[in-house]
Amino acid sequence: MQINAAVLRESGLGLPYATSRPLAVEQLHLDPPGPGEVLIQIKAAGLCHSDLSVINGNRPRPVPMALGHEAAGVVVEVGPDAGGSGPELSPGDHVVLVFVPSCGHCEPCSVGRPALCEPGAAANGAGTLLSGERRLSDAQGTPVNHHLGCSAFADHAVVSRRSVVKVDPDLPWTEAALFGCAVLTGVGAVFNTAQVPAGSSVAVIGLGGVGLSSLLGAVAAGARQVVAVDLSDEKLAFARELGATETVNAADAEAVQQIRDLTGGGVEYAFELAGSIPALQTAVDITRRGGTTVTAGLPHPDARLPLSPVLLVGEERTLKGSYIGTAVPLRDVPRYIALYRRGRLPVDRLLSGVLPLDRINEGFDELHAGRTVRQVVTL
Ligand SMILES: NC(=O)c1ccc[n+]([C@@H]2O[C@H](COP(=O)([O-])OP(=O)(O)OC[C@H]3O[C@@H](n4cnc5c(N)ncnc54)[C@H](O)[C@@H]3O)[C@@H](O)[C@H]2O)c1
Ligand SMILES: [Zn+2]
Ligand SMILES: [Zn+2]
């Protein structure tokens, strides 16, 4: 079938994107779903910094690539034998897309860590679906790469059965989309990666869609103190509305000392969700003795953090990475949705606005400038 999709042909074009237009809405050919795959009509897709990092070259990926990985939609067609693993899927089912497919058989999958699925990571790196296939091609017949098994800035997508979680049909599409990346990553960093106990002191550094999801997670987990840190005073004010007990602007030369003073020598759990080395340095510097620093931001792969091993040893510190919130998606997406419905994770507050697909470059200008939390393309 013919679809419209936002395609990136070259990374690193100049700002503003409203002028350089790195994403072009192109008509592509989409093959029918193969074995274990499903055709999804995409209803909503969020703009995440990880898309922006592919556009600006911080996260190198093969081009041409149809971007978008945080989305929700409705099943249109189920490929042959796609019912065999996990819950049955039927046309009309509502699903959230998950940006790491999990094969169910590899070593990480078999020990309950599907976020680290090895065939899933290999397929994502190569720009294919979990099957190793590309189902997208352009008007010249050239294959187009999939983004994280999703390619969701499009009216339709073919994805692995292992890239979706079925959700209740009454969840609004714009909210549903956020559960696939921002919420799964941000809340999961708190609940799964760090396993923050009630009564803990927490800091969240970087208040985008992912960081504010961590903040909501820390509040839901019963943290006694939640310090929010960003470069934007507007984001800090918003974080207070969402439950931050204190806020500190990271641009302040005394920021680290201020946070250490506010928290009696640092927090037990510091979360870095900005994707920059200065933010990660701040997170390390404000973690107390015996505490844990969790990093989920994705700076350029060549970036390095200078770190003294003696700090880890002498203060019994832990530094942990968190990918896709250490998620078990089939378990966690329904759990986080249930908490949202109970008012414990007010994820709808993270929605900054909706855009049509042809305004997507302007949307990434807004995200780059730090003026938005989560914008969602509706289709
Ligand atoms: N680990 C994962 O599985 C995963 C999943 C999704 C996104 N990410 C990554 O998480 C990061 C955040 O994504 P997002 O979509 O929320 O981004 P965003 O652009 O919406 O938010 C980032 C925030 O960090 C702030 N910031 C930048 N530098 C800072 C500093 N030095 N100190 C404090 N704050 C600073 C910005 O002002 C902004 O508010 C990105 O690097 C993204 O690639 C990781
Ligand atoms: Zn994302
Ligand atoms: Zn696997």
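Modeller: A donor is an N, O or S atom within 2.8 Å of the metal (3.2 Å for Na, K and Ca); water is not among the atoms, so sites may look incomplete. The model is predicted: local features need pLDDT of at least 70, side-chain atom pairs count only at pLDDT 80 or more, totals for chains, interfaces and linings use all residues, and side-chain values use heavy atoms, without hydrogens and water. Residues are numbered from 1 along each chain as its sequence is written; chains are lettered from A and ligands numbered from 1 in the order in which they are written.

Colleague: Which residues coordinate the zinc ion (ligand 2)?

Modeller: Donor distances run from 2.0 to 2.3 Å. The spacing along the chain is C-x20-H-x111-C. The donors are Cys-48 (SG), His-69 (NE2) and Cys-181 (SG).

Colleague: How many residues apart are His-69 and Cys-181?

Modeller: Helices (H or I, at least four residues) and strands (E, at least two) are DSSP runs, numbered from the N terminus. His-69 sits in the loop between strand E4 (65-66) and strand E5 (71-78), Cys-181 in helix H5 (residues 173-194). The pair links distant parts of the chain, 112 residues apart.

Colleague: Is His-69 buried or exposed?

Modeller: Buried means under 20% relative accessible area, exposed over 50%, partly exposed in between (1.4 Å probe, protein chains only). Cys-181 has 3% relative accessibility, so Cys-181 is buried. His-69 is at 1%, so His-69 counts as buried.

Colleague: What is the geometry at the zinc ion (ligand 3)?

Modeller: Cys-103, Cys-106, Cys-109 and Cys-117 each give SG, 2.4 Å from the ion. Four donors count as tetrahedral if all angles lie between 85 and 135 degrees; four count as square planar and six as octahedral if opposite donors are over 155 degrees apart and all others between 65 and 115; anything else is irregular. The angles among the four donor atoms of this zinc ion (ligand 3) are 105 to 118 degrees, and its site is tetrahedral.

Colleague: In what order do the strands of the closed barrel run?

Modeller: Two strands pair if DSSP finds at least two bridges between them. Strand E2 (residues 23-30) and strand E7 (residues 136-137) have two, antiparallel. The closed barrel has five strands with mixed pairing, in the order E1-E2-E7-E8-E4.

Colleague: What covers the buried residues of H2?

Modeller: The buried residues of helix H2 (residues 49-56) are Asp-51, Leu-52, Ser-53, Val-54 and Ile-55. Contact means heavy atoms within 4.5 Å. The cover includes strand E1 (2-8), helix H1 (17-20), E2, strand E3 (37-46) and helix H12 (360-368).

Colleague: What is phi of Ile-324?

Modeller: Ile-324 lies in the loop between strand E16 (318-321) and H11. Ile-324 is buried, at 2% relative accessibility. Its phi is positive in a residue other than glycine, near 45 degrees.
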